[in-house]
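Subject: The structure we talked about

Hi,

Here is the structure I promised to hand over. Have a look at it in your viewer first, and then read my notes below.

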Amino acid sequence: MQIVVLTGSAHLKGMSALLAENFIKGAEEAGHSVVRIDTAFKNVHHCLGCLKCNGGDNDCVMNDDMKEIGQTIEKSDVVVFAYPMYYHLMPMTLKAVLDRFYAFDKSFVGAHKKAFMFATGWDDSEANFAPMRTWFKSDMDYLQWEIAGELNVGGYMTREELEQSEYPGMAYEMGKNLQD
Ligand SMILES: Cc1cc2nc3c(=O)[nH]c(=O)nc-3n(C[C@H](O)[C@H](O)[C@H](O)COP(=O)(O)O)c2cc1C
């Protein structure tokens, strides 16, 4: 399968990246092809809400990195969102990409892709992760993509601590066990 991993952190070797790396390792060992896109380092303007794309009938009026990112997602069977929680939401660079999905709605909605979410944060309470879990369920229902796996990882302050936990192994297994 073709997989795209959208990361949301500026820490290329951070906590959410650790989960992404392990997922990618498992998926590649299982024979899948993976593209990682670090949205914090891409030039993606926020959606203007101009509606000129009309939900995918026309190209977005902005000519930036979203064109290639959208085309990569179009070609992918699996989409992974891996990011640190910022004020109970995703960082703006990843959210900018998400909002710009609208210009791809005609090909994204109903495409029956599989989706994973790996979110990290300081706080490990259920309430802390509730907004993200609600977002993930609502948006995957809208897109008609199947939620194939989810890790909400709180309570770790450093990558080294997280490396000692069971979570990198869980992310690895999710990639390794991925099937059509
Ligand atoms: C601006 C900002 C906002 C944050 N908001 C939250 C939050 O709402 N809940 C939480 O548990 N952690 C929050 N954190 C902590 C990060 O989510 C946490 O450090 C994360 O695991 C870092 O992941 P990274 O290494 O992949 O960047 C915040 C951190 C920053 C810098």
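This is a predicted model: local features need pLDDT of at least 70, side-chain atom pairs count only at pLDDT 80 or more; totals for chains, interfaces and linings use all residues.

Two elements, α1 (15-29) and β4 (114-121), each supply at least two residues of the shell around the ligand. The names come from DSSP runs, numbered from the N terminus: helices are runs of H or I with at least four residues, and strands are runs of E with at least two. α1 gives the most to this shell, with three residues. There are 17 residues around the ligand, and Gly14, Ser16, Pro84, Thr120 and Gly121 come nearest. Being near a molecule here requires the C-beta atom, placed from the backbone, to lie within 6 Å of it. By type, the shell divides into seven nonpolar, nine polar and one charged residue.

Residues are numbered from 1 along each chain as its sequence is written.

Now the sheet. In general, strands of a sheet pair through backbone hydrogen bonds, either parallel or antiparallel. Which order do the five strands take in this open sheet? They run β2-β1-β3-β4-β5, with parallel pairing; two strands pair if DSSP finds at least two bridges between them. At the edges sit β2 (33-38) and β5 (146-154), each of which pairs on one side only. From one strand to the next, the twist averages 15°.

You can follow the pairs one at a time:

- β1 (residues 2-7) and β2 run parallel and are joined by six bridges. Ile3 stands opposite Val34 in β2, and Val4 stands opposite Val35.
- β3 and β4 pair in the parallel sense over seven bridges. Here Phe81 stands opposite Met117 in β4.
- β4 and β5 also run parallel, joined by eight bridges. Phe116 has Gly149 in β5 as its bridge partner.

How covered are these strands? For β1, five of its six residues are buried, so this strand is mostly covered. β4 is largely enclosed by the rest of the structure, because seven of its eight residues are buried. The cut-offs use C-beta atoms placed from the backbone: a residue is buried if 20 or more other C-beta atoms lie within 10 Å of its own, exposed if 12 or fewer, and partly exposed in between.

Next, look at what is packed inside. The largest nonpolar core has 45 residues, and Val5, Leu19, Ala20, Phe23, Val80 and Phe118 touch the most other members. Such a core is a set of buried Ala, Val, Leu, Ile, Met, Phe, Trp, Tyr and Cys residues joined through C-beta atoms within 7 Å. The elements giving two or more residues to this core are β1, α1, α2 (66-75), β3, α3 (92-99), β4, α5 (126-143) and α7. Once again α1 stands out, as it gives the most to this core, with eight residues.

Leaving out residues up to four places away in sequence, Phe118 touches Ser16, Leu19, Ala20, Val80, Ala82, Leu151 and Ala171. Contact means that the two C-beta atoms, placed from the backbone, lie within 7 Å.

Ala27 counts as buried because 25 other C-beta atoms lie within 10 Å. With residues up to four places away in sequence not counted, Ala27 touches Ile3, His32, Val34, Gly175 and Leu178. Ala27 and Gly175 are 148 residues apart in sequence, yet their C-alpha atoms are 4.0 Å apart in space.

Finally, check the loop between β3 and α3, where you will find Tyr87 and His88. Tyr87 has a positive phi of about 50° although it is not a glycine, and His88 has a positive phi of about 70°, again without being a glycine. Are they buried or exposed? Tyr87 is exposed, since 7 other C-beta atoms lie within 10 Å. His88 is partly exposed, with 14 other C-beta atoms within 10 Å.

Cheers

Methods
Ala, Val, Leu, Ile, Met, Phe, Trp, Tyr, Cys and Pro count as nonpolar, Asp, Glu, Lys and Arg as charged, and the others, Gly among them, as polar. Axes are lines fitted to C-alpha atoms, for helices over the stretch in contact, and angles run from 0 to 180 degrees between N-to-C directions.
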